[in-house]
Amino acid sequence: MKVVQKHDARSDNSLDKNPLDDKADIPAFNEDLDHMDIQEGHEPQDGLRASLTAIFSWKNYRIYLITGWVFNAFSYLTTFFNLYLWDIIPNLIFIGAIGSITSAVATIARFFGGYVGDTVNRKSLSVISFLLMGIYYLMIGIFIDPVFIFMALIVYSSVDLTKSGSTAYIMDNMPQEHSGLALSLFTAGRALSIITLAVFAFLYPFVEFEAYRQLHLVGGVLLLVCTIARAAYLKSIPSKKRETGTKLWRSFIQDNSRALRILLRMVPGMVVVCVLDAISDSFFNLGSLIYMYDVLFIDVQSITIMLIVTLTIQVPLLLKIGRLSDKKGVKSIALLVYTAMPISAALMILAYWFPNWAPSSFVDSANLMIPGLGVIFNFSFLAVVLKYVNDTLWYTIMLVLIRKRMPGQDTSKILAMFWFVIYLASSFGPFIGGMLSEVTSILNLFVVVLILNLLILGAIARYDLTEKGQQVPND
């Protein structure tokens, strides 16, 4: 859901997807798993088929992938969340305030979630994550009162208490040398969202946002079924226990302090870049669809077509990026991917004065073929497709980097501290963005985004994202 949409990346991405966040936590490898090709001292097999064989060798991964794909089938509906709220209460300060409050709840939950994820049974956490997401989808499907919608958002934000452990659980079921491809397979499940988006586009002219609620009801029921499947078929992996005699609060502080030091010392450049990107995302995702709908007069069917095109482009690129990140360096790919971000912001600004990049006759002809198809000739179409595609590619690269550079001992806490820093940086973004839009103009959101994106490009060029920083001594 996109109150503060970072598009889990922010899922469980689908491994770790949050309605406030479209960015993903990334899976990794459990050295105790019995597979000859990935044990220490054995060379991994070459080729895509061999990689897929290695990845699918573990039952837990297969179960996680199937249930993750069910979640992903409904995940892109959350892109419409701010527009849905706008239909109920057309005020960006209100929408931004809700975004900031729920983001703050998610930030606090994420902070404690890392410790929970490394001390509580991770299978249980993965089950609870899906249970809470199912409840959220059901609440959005049933209630239209803003109070209940806000309560639903709080439920979803609380999922961050279990996310790190849930994601770290599947990290224990994936070979490290194939982690980029394995993560991409999870994210590739977003292609199933094409089906739900097409159903939404078909139903919207008849029932408007009632279609949004009905699809959430269906998603909620399916997520509860997936919750039962996870509880029944996933195999538990023992979590690290606290040393006997250690006080809980002291262990919590020591463990999370260590995780934060590891993160900041080993990949400081990546943290700086991701913080700036999170702030930029909170502005862009707050106002993009509302700007298109209310200022550029692009209807919901056209926006849906835009998202379907995004998914069609995104999925094969994700698979390619995942493979490249397993074989080549990350920095050059990161720089290439992020170059599209300031271009996207510039196109959104340009669309205010010059909506279309092709003659109006092209737009009319496309709309005669398929209602809403004429949006492909709009500058804002190019902007949003570039943004959403590259957001997912970007966070895939960043989280693959975390997987490859971080030690496996405190996986959940390191992920939690990473997301805690990101969430903290962006939690005030929606409210500030809403104030900026209401006091000046929604167009200024994209001016700020453009400036931030240019700063980020400079930071990527300045920092070596792929090189490990100073090692952290044992406590």
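Author: Start with a cut-off: a residue counts as buried when its relative accessible area is under 20%, as exposed when over 50%, and as partly exposed in between. Keep in mind that this is a predicted model.

Reader: Is threonine 304 buried or exposed?

Author: Threonine 304 has a relative accessible area of 0%, so it is buried, the cut-off being under 20%. The residue sits in helix H13, which spans residues 300-327.

Reader: Which residues is threonine 304 in contact with, leaving aside its neighbours within four places in sequence?

Author: Threonine 304 is in contact with Phe80, Leu197, Phe200 and Ala201.

Reader: How does leucine 223 read, buried or exposed?

Author: Leucine 223 is buried, because its relative accessible area is 2%. Its place is in helix H10, residues 210-233. Not counting residues up to four places away in sequence, leucine 223 touches Phe71, Phe130, Met133, Gly134 and Tyr137.

Reader: How far apart are leucine 223 and threonine 67 in sequence and in space?

Author: In sequence, leucine 223 and threonine 67 are 156 residues apart; in space, their C-alpha atoms are 7.9 Å apart.

Reader: What is the relative accessible area of isoleucine 432?

Author: For isoleucine 432 the value is 46%. Isoleucine 432 belongs to helix H19, residues 429-439.

Reader: Which residues form a nonpolar patch on the surface with Ile432?

Author: Phe428, Phe431, Met435 and Val439 form the patch with Ile432, and together the five have about 500 Å² of accessible area.

Terms used
Residues are numbered from 1 along each chain as its sequence is written. This is a predicted model: local features need pLDDT of at least 70, side-chain atom pairs count only at pLDDT 80 or more; totals for chains, interfaces and linings use all residues. Side-chain values use heavy atoms; hydrogens and water are left out. Helices (H or I, at least four residues) and strands (E, at least two) are DSSP runs, numbered from the N terminus. Buried means under 20% relative accessible area, exposed over 50%, partly exposed in between (1.4 Å probe, protein chains only). Contact means heavy atoms within 4.5 Å. Patches are made of residues with over 30% relative accessible area and no salt bridge: like charges are joined within 9 Å, nonpolar side chains (Val, Leu, Ile, Met, Phe, Trp, Tyr) within 5 Å. Accessible areas come from the Shrake-Rupley method with a 1.4 Å probe; for residues, only the protein chains shown count as cover. A salt bridge is a side-chain nitrogen of Lys or Arg within 4 Å of a carboxyl oxygen of Asp or Glu.
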